[in-house]
Amino acid sequence: MTQTIINPTPKDYKSEVKPTWCPGCGDFGVLNATYRGLAALKLSPEQTVVVSGIGCSSRFPHFMKTFGFHSVHGRALPVAQGLKMSRPDLTVVAVGGDGDSFSIGAGHLVHAALRNIDITVIVMDNEIYGLTKGQTSPTSPHGHVTKSTPYGLLASQFNPIATALSLNVSFVARGYSAKPKDLAALIEQGMLHKGFSFIHVLSPCPTFYHTFDAWDAAVTPIPADHSIHDRGNAVKLAMETEKQFTGLFYQEERQTMDQAAHELVKQAKTFEIAQYMQRYA
Amino acid sequence: MENDITIRIGGESGEGTISGGDILALAAARWGYHVYTFRTFPAEILGGPCMFQVRISDRPVKSMGDNADVLICLNKEAYDRNIGELRHGGVLIYDPSDFTPDTGDCITYAIPFNEIARKEVQLFQTKNMVMLGAISGLFGPPIEAIVQVVQSKLAKSRKSNSTLMEKNILALEIAKKYVIAQLSKNDPYLLGPVAKADRVVLNGNQAIVAGALAAECRFFAGYPITPASDIMEGLAKELPQVGGTFLQAEDEIAALAAVLGASYGGARAMTATSGPGFSLMTELIGLSSMAELPAVIIDSQRAGPSTGMPTKMEQSDLSFALNAGHGDTPRIVVAPANVADCYDLTILAFNMAERYQMPVLFLTDQSLSARVESVEMGVFKPAVLQRRVEYDTSNNGADEKVAVGAGAANDYSRYAYTATGISPMTKPGPGAMTYVATGLEHNEQGHPDYEPEDHTAMMEKRFRKLDTAAEELPKPERYGDENATIGIIGWGSTEGAIQEAIDRARAKGYKVASLHPRILSPLPDRTIREFIRSVEKVIVPECNYSGQLANLLGAKYGLQAIRVNKFGGIPFTAGEILRAIEEVS
């Protein structure tokens with residue numbers, strides 16, 4: 001698209017490519033919430049890039065009218081960070097699933113947190129591998145029986161929110177795909193946040209791991225008395241096993257690496273090779 | 001008197017062997033001589049045997065020299081390790097307090113380095129200055145040229161103080177006086193005065209950094225690895241000065257992923273690594289090729305496999321570079337032959353990546369990364385830049401002729417089928433046509449598409465770019481005899497040794513010529529076929545075990561090459577190539 005939209009509506013971000021997801025997939029809710037979040041912020045599709053890795057949810061960029069980069073398994077975060085470092089003028093959103101973000105790409109999460117580059121990551125967690133048809137994921141519960149854990153999962157369950165808090169991620173939130181309005185508000189807040197925003201979304205899989213009822217029962221808004229600056233209490237809420245708290249756990253404004261890098265280039269000069277080579281004369 | 005001297009210094013890492021050699025090379029170059037260095041590094045951070053060799057000549061130097069004319073041993077171990085590399089009748093310099101050499105047929109000068117440093121200068125760390133003073137007295141490089149270099153080095157050092165500089169100068173002068181008074185010179189090596197020249201002195205990695213900056217590289221992401229780290233360090237320092245950004249990534253996978261992200265945003269972007277890191281990058285090389293995103297990837301090859309020998313050279317990543325990644329993946333592979341090439345070819349690599357929208361793999365190696373050469377200043381010309389073919393809404397891509405199925409009127413075809421295979425790109429920004437870059441097979445619009453005819457057409461389009469590149473790119477030039485019967489085809493850092501061997505062989509009456517392609521994919525088929533046809537025998541010298549270029553030439557052109565392989569971690573000397581020429585004649 002070329003014309004700038006003055007008052008965009010969610011459908012202005014919707015591409016003509018039909019989602020490949022199963023009917024009832026939680027990711028539809030996340031996609032709609034993302035359209036809404038972008039529209040609310042009136043972000044121009046030509047200046048927004050949605051980056052993903054591989055997995056059911058990573059097909060996401062194809063369903064957006066924004067710029068998109070559907071990369072390889074696990075690498076959405078480094079692609080998004082390289083892009084944002086070199087183009088701080090763009091809005092960069094990274095999306096993916098629990099396998100992409102917490103298994104093959106887990107290492108990148110640590111460093112994205114440390115750098116605090118101004119990108120928003122939306123993880124659609126269904127606690128299962130869907131695209132490869134039903135193997136265990138890092139967020140599957142201990143003992144869970146899948147095709148790859150016929151005797152039950154022997155490992156323990158990964159805690160995305162507690163991990164993000166321990167890494168000092170500067171914006172940590174959780175949403176639920178069945179509550180797209182609340183999720184859209186979180187996505188909007190995440191994109192407004194200057195720094196690395198981590199939004200964990202419970203997004204159930206209707207085909208390989210039916211968690212709809214369990215999550216309907218467990219999802220509870222974060223208590224109103226929680227302070228978003230209280231990391232200790234945020235961890236306590238994240239460690240809760242009976243309830244799945246949703247909302248903003250933690251937020252902190254601190255310097256972003258893209259900002260700092262661009263402070264350095266303010267005095268930039270044009271490059272003259274003859275002058276540069278004098279150091280070797 | 002010989003105006004072409006190879007001096008080798010052997011010692012212990014951390015006692016100034018390398019820095020002393022560095023100073024000698026720089027001083028000789030500033031004085032007006034051509035220089036070419038070769039060094040070995042120990043695996044240890046501090047300590048361990050090391051060696052520095054510099055060839056100094058009044059003519060351009062193409063190789064490190066067959067044997068040392070002068071060998072300076074700063075301890076017994078250095079003597080044991082290096083004496084075999086001293087030419088017959090060469091000069092051995094040692095300190096009699098360290099050991100007593102078995103003199104054989106060499107000329108020996110015993111100089112009490114340790115005693116002069118300790119007792120006369122009264123500062124033991126000036127031992128390498130004592131050595132340099134002795135070299136000045138015996139072989140000609142003036143003290144002033146050495147002092148100038150030491151001064152500029154100390155100016156940058158934290159240890160700098162006026163006493164240290166005075167002690168250094170004292171050490172140089174005492175040692176020079178000592179050798180003039182105490183030794184009777186009976187060797188033929190003496191460097192006389194030469195005209196000053198407009199040259200710079202730098203190593204291969206420094207030239208790559210200069211080339212990247214000149215080529216308007218404005219994003220670099222990398223992960224530390226020997227022997228490529230100083231490319232990263234150089235750009236970390238320089239990029240902000242020219243408006244670029246830098247990222248030290250958490251691993252090499254993230255490094256290339258970040259480069260592709262920046263490239264998608266429109267930046268000319270690069271990473272640099274060595275074999276182990278290059279192995280990690282392979283999946284993303286496929287993505288760069290499939291999503292048609294420009295990227296320059298420097299691989300400073302070291303001896304493999306696995307961790308191998310990080311501080312030793314090898315030319316053993318060629319097969320891998322040509323094929324790295326699953327699926328049929330078009331890419332460009334280039335290899336520089338010398339320090340000047342590291343500059344020019346880096347610029348060409350960026351231009352090719354941007355024009356052909358694919359990964360360009362740049363194969364230097366440890367020896368060239370660390371090799372210091374004096375290069376004419378005129379080599380470092382401002383870069384002539386080629387840029388991406390950008391999508392233009394008015395004509396769907398200007399000069400690019402649309403061959404098949406021009407995209408629908410209002411739908412941007414990022415991967416439009418064109419005659420050249422090159423499809424006009426956009427980058428995010430106001431008014432730009434949006435698209436999704438993907439590693440999935442896709443149609444012209446970039447949407448996922450698994451139809452057999454579409455995959456077929458898209459594969460052909462991507463590979464068509466290599467045909468276009470093969471037509472457009474510069475061809476290698478033949479070196480040597482027009483009517484040669486013996487041909488040599490080489491690649492990478494061996495060119496100087498090959499050309500010097502050819503010069504020496506021709507002087508002996510052999511008819512030899514060589515071809516040294518810089519671009520190894522796509523290979524210049526016609527030029528290579530003509531060269532092979534023009535000679536009777538072809539030697540392919542390579543610093544690897546399996547003969548990777550020879551295998552390629554065999555597969556592509558049916559060439560039964562005479563393979564000469566060296567794989568100990570040390571580059572070829574001209575003498576070794578000359579012997580190969582003599583053996584096949």
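Predicted model: local features only at pLDDT ≥ 70, side-chain atom pairs only at ≥ 80, totals over all residues.
Trainee: What is the radius of gyration of chain A, and with which value for a compact globule does it agree?
Mentor: Chain A comprises 10 helices and 8 strands, and its C-alpha atoms fill a box of roughly 70 × 40 × 40 Å along the principal axes. For 281 residues, a compact globule would have a radius of gyration near 19 Å, and the value for chain A agrees with this: 20 Å.

Trainee: What percentage of the contacts in chain A between residues at least 6 apart in sequence join residues at least 24 apart?
Mentor: Of the 281 residues of chain A, 53% count as buried. Among the contacts that link residues at least 6 apart in sequence, the share joining residues at least 24 apart is 69%.

Trainee: How many residues of strand S3 of chain A are buried?
Mentor: Strand S3(A) spans residues 91-97 and is mostly covered. On one side A:Thr91, A:Val93, A:Val95 and A:Gly97 are buried, and on the other A:Val92, A:Ala94 and A:Gly96 are buried.

Trainee: Which residue of S4(A) is the bridge partner of A:Val95?
Mentor: Strand S1(A), residues 48-52, pairs with S3(A) in the parallel sense over 5 bridges, and A:Val51 has A:Ala94 as its bridge partner there. S3(A) is also joined by 5 bridges to strand S4(A), residues 120-125, again in a parallel arrangement. In S4(A), the partner of A:Val95 is A:Ile122.

Trainee: Why does A:Phe196 count as buried?
Mentor: A:Phe196 lies in the loop between helix H6 (180-192) and strand S6 (197-202) of chain A. Beyond residues up to four places away in sequence, A:Phe196 touches, among others, A:Ala112, A:Asn116, A:Val169 and A:Phe171. A residue is buried if 20 or more other C-beta atoms lie within 10 Å of its own. A:Phe196 counts as buried because the number of other C-beta atoms within 10 Å is 31.

Trainee: How far apart in space are A:Phe196 and A:Ile117, C-alpha to C-alpha?
Mentor: A:Ile117 is one of the residues that A:Phe196 touches. The two are 79 residues apart in sequence, whereas their C-alpha separation in space is 5.4 Å.

Trainee: Which helix gives the largest share of the side of chain B that touches chain A?
Mentor: In this interface, 51 residues of chain B are in contact with 43 residues of chain A. The elements of chain B that give two or more residues include strand S7 (199-203), helix H7 (204-214) and helix H11 (282-290). By class, this side of chain B has 35 nonpolar, 13 polar and 3 charged residues. The largest share, 9 residues, comes from H9(B).

Trainee: Which residue of S15(B) stands opposite A:His70?
Mentor: Strand S2 of chain A, residues 67-70, pairs with S15(B) in the parallel sense over 3 bridges. Opposite A:His70 stands B:Thr438.

Trainee: Which residue with a positive phi follows helix H18 of chain B?
Mentor: The buried residues of H18(B), among them B:Leu549 and B:Leu552, pack against H12, S17, S20 and S21 of chain B. With a phi near 65°, the residue that follows H18(B) is B:Gly558.

How values were computed
Residues numbered from 1 in each chain as written. Chains lettered and ligands numbered in written order. Contact = placed C-beta atoms within 7 Å. Helix = DSSP H or I, 4+ residues; strand = E, 2+ residues; numbered from the N terminus. Nonpolar A, V, L, I, M, F, W, Y, C, P; charged D, E, K, R; others polar. Pairing = 2+ DSSP bridges. Buried ≥ 20, exposed ≤ 12 C-beta atoms within 10 Å, placed from the backbone. Rg over C-alpha atoms; globule rule 2.2 N^0.38 Å.
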